[in-house]
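Hi,

Here is the structure I promised to pass on. Have a look at it first, and then read on for my notes on its rings and sulfur links.

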Amino acid sequence: MVGRKKKKVYKNIVLRNVKSFDDLPPSVAIRIERGAGGRRTLRYVNEAICTPIEKGEGKPWGYVTVAKPSEYEGECDGAYIAKIVESDNEWGPLLLQIAIEWASRDNDGLIADRFRVTEFEYHLWNHLLGNQGGDLITEPVALCLNKSSKTWSERLSIEEDKIATSFIFYSKTKMLGKLLRDKRIC
């Protein structure tokens with residue numbers, strides 16, 4: 001008998017072994033790459049030669065690509081949108097925090113993608129929402145398409161205005177300045 005696919009059950013998870021800026025090895029830098037349409041990618045790289053770190057090297061790896069919203073997405077209060085987040089549960093939150101700091105330099109802030117947020121990405125955003133510690137500030141997103149928040153609200157049975165993807169994140173951290181002083185920005 002051929003059965004139906006089981007419906008996936010979604011739930012909030014707590015990320016464990018999350019690394020902080022103080023845990024970032026001195027051999028790792030951040031490269032900020034320019035892309036088409038004003039996109040920027042922040043990526044963990046080897047400090048000495050600025051080459052990308054690949055998954056499985058035993059070092060922090062990953063990247064976050066951000067861009068200003070398209071006409072279809074709306075104004076989004078001028079915030080940048082995190083289009084792609086690739087990393088792991090340990091180093092992903094730190095990389096996302098660095099991207100939030102970069103996006104906050106002109107008081108723009110950073111929000112989750114408006115169309116598609118993977119389960120991994122949602123848990124990163126939710127981790128930051130629950131662990132702000134005064135370094136991150138959030139505001140509700142206005143004038144912006146919000147399909148990803150509707151999706152996660154339904155999946156987790158949580159009100160849409162409480163979902164992590166419904167907020168603009170701003171940062172008051174000084175990690176980029178420290179990386180620049182230490183010549184760890186490529």
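A disulfide here is a pair of cysteine sulfur atoms within 2.5 Å. Keep in mind that this is a predicted model. The structure has two disulfides.

Let's start with the one between Cys-76 and Cys-144, where the sulfurs are 1.8 Å apart. Its torsion about the S-S bond is about 65 degrees, so this link is right-handed. Cys-76 sits in the loop between strand 3 and strand 4, while Cys-144 is in the loop between strand 6 (136-140) and helix 3 (147-156), so the bond ties together parts 68 residues apart in sequence. Both Cys-76 and Cys-144 are buried.

The other bond runs from Cys-50 to Cys-186, with an S to S distance of 1.7 Å. This link is left-handed, with -70 degrees about the S-S bond. It also connects distant parts of the chain: Cys-50 is in the loop between strand 2 and strand 3 (63-67), and Cys-186 is in the segment after helix 4 (175-181), 136 residues apart. Cys-186 is partly exposed, at 32% relative accessible area. If you count the bonded cysteines along the chain, the pattern is 1-4, 2-3.

Now for the rings. How many aromatic pairs does the structure hold? There are six. In one of them, Tyr-44 and Trp-91 have ring centres 6.3 Å apart and planes at 80 degrees, so they meet edge-to-face. Tyr-44 belongs to strand 2 (residues 40-46) and Trp-91 to the loop between strand 4 (80-86) and helix 1 (92-104), which puts the partners 47 residues apart. Tyr-44 counts as buried at 0% relative accessibility, and so does Trp-91 at 8%.

Then there is the pair of Trp-125 and Phe-169: the centres are 5.0 Å apart and the planes are at 50 degrees, so this one is tilted. Trp-125 comes from helix 2 (residues 119-130) and Phe-169 from strand 7 (residues 167-171), 44 residues apart. Trp-125 is buried at 2% relative accessibility, and Phe-169 is buried at 0%.

Tyr-10, Tyr-122 and Trp-152 come together as one aromatic cluster.

Cheers

Methods. Residues numbered from 1 in each chain as written. Predicted model: local features only at pLDDT ≥ 70, side-chain atom pairs only at ≥ 80, totals over all residues. Heavy atoms only, no water. Phe/Tyr/Trp six-rings, centres within 6.5 Å; stacked < 30°, edge-to-face > 60°. Helix = DSSP H or I, 4+ residues; strand = E, 2+ residues; numbered from the N terminus. Buried < 20%, exposed > 50% of the residue type's maximum accessible area, 1.4 Å probe, protein only.
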